[in-house]
Amino acid sequence: MGQGYWKALVLKIAIVNNCLPFASGGAEYLAESLRHKLIEHGHEAIVMKIPFQWHPSARIIESMLACQLMRVPNADRVIALKFPAYYIPHPNKRLWLLHQFRQAYDLWGTPYQDIPDSDEGRKIRDVIHQSDNALFGALPQIYTNSHVVSERLKKFNSFDSKVLYPPLEHQDEFFCASYGDTIFYPSRISGGKRQLLVVQSMKYVTSGVKLILAGLPESTADLADIEKAIEKDSLQDRVHVMPRFISQEEKVSLFSTALACAYTPYDEDSYGYVTLESYHARKPVITCSDSGGTLLTVKHGSTGCVVSPDPRAIAESINMLAADKTAAKRMGEAGWENLTTLDITWNRVIRCLTE
């Protein structure tokens, strides 16, 4: 059917995404935000959350098969976000790819590989590659959430795609009250997000700045690593950990008085909602040179600090911002202004996914 026909319709849209029960992160936030915005634009929308288990590795294939056997009746359109939920078949499916199962692609051969490097593990990896290629080849258009995801898709699967940047749902709630004496790092606490780097940097911070970490731990081991580092370097008075989900009101408040935001993940898929939130609060972002998608918005010396993934380097950037809060203000405001050049709008997202 033609583009104009679809625009004239009120669509019943199912957003399909995998989930880990009782855990939440950026993908879950995006799915719910997309649902709300689709409804605002006149459509009916629901989010279908598909439980996904990847330990032991054999469960990955079972989850893939389960999704391939599912059907979504009574939906005019399916918008799929992540592996393996994107295997759910539908005649009018749009793929907004947040990321593939990275353990089978760019994380293979790294400490984050997670799939055993065994005969069985390599077979699982090969099945994922073959299944992804079959799916992507059947789609007329693939959208991704960042240039990093598009580049990976081209490198590993040889498919082209268009970048569709995800906006914040409630961006106008963020504001700047002051440039205080805290570095705020709101994110799921995990090895991949590398909060540990920033905690370790605090022993080299010479100013009175404190670090606030906020987010659910991905595992008890991830939280234990943070707690051990705090105890080892006697940082109890300099690092405050909130190992839980924080409300939007808490997040907005903590951003409003922070000096800057730290966001130092390893090879992130996109710029991360954290960077958008920070810039809407007019705060600069400290990230790492190997953090991937964050480098789209974080420009060293302009909108924040891009440093090597080393505690001493991170500490130097914190000390610099603490010593020159005028520079912190300038970078934070420049970060917000830069967002307008990237066309990060819900109107564009809804138009692309419903046409």
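Trainee: How many disulfides does the structure hold?

Mentor: A disulfide is a covalent bond between the sulfur atoms of two cysteines. Here the number is 0 (a disulfide being a pair of cysteine sulfur atoms within 2.5 Å). Keep in mind that this is a predicted model, where local features need pLDDT of at least 70, side-chain atom pairs count only at pLDDT 80 or more, and totals for chains, interfaces and linings use all residues. Residues are numbered from 1 along each chain as its sequence is written, and side-chain values use heavy atoms, with hydrogens and water left out.

Trainee: Is C67 buried or exposed?

Mentor: Buried, at 1% relative accessibility. Buried means under 20% relative accessible area, exposed over 50%, and partly exposed in between, with a 1.4 Å probe and protein chains only. C261 is buried too, at 0%.

Trainee: Now the sheet. In what order do its strands run?

Mentor: Strands of a sheet pair through backbone hydrogen bonds, either parallel or antiparallel. This open sheet has 6 strands with parallel pairing, in the order β9-β8-β7-β10-β11-β12. Its edges are β9 (239–242) and β12 (304–307), each pairing on one side only. Strands are DSSP runs of E, at least two residues, and helices are runs of H or I, at least four, numbered from the N terminus. Two strands pair if DSSP finds at least two bridges between them.

Trainee: How many bridges join β7 and β8?

Mentor: Strand β7 (residues 182–186) and strand β8 (residues 210–214) share 5, in the parallel sense. One of them links T182 to K210 in β8.

Trainee: Which residues of helix α8 are buried?

Mentor: In α8 (residues 248–257), they are K251, V252, L254, F255 and S256. Their cover includes β7, β8, β9, β10 (260–262) and α9 (273–280).

Terms used:
Contact means heavy atoms within 4.5 Å.
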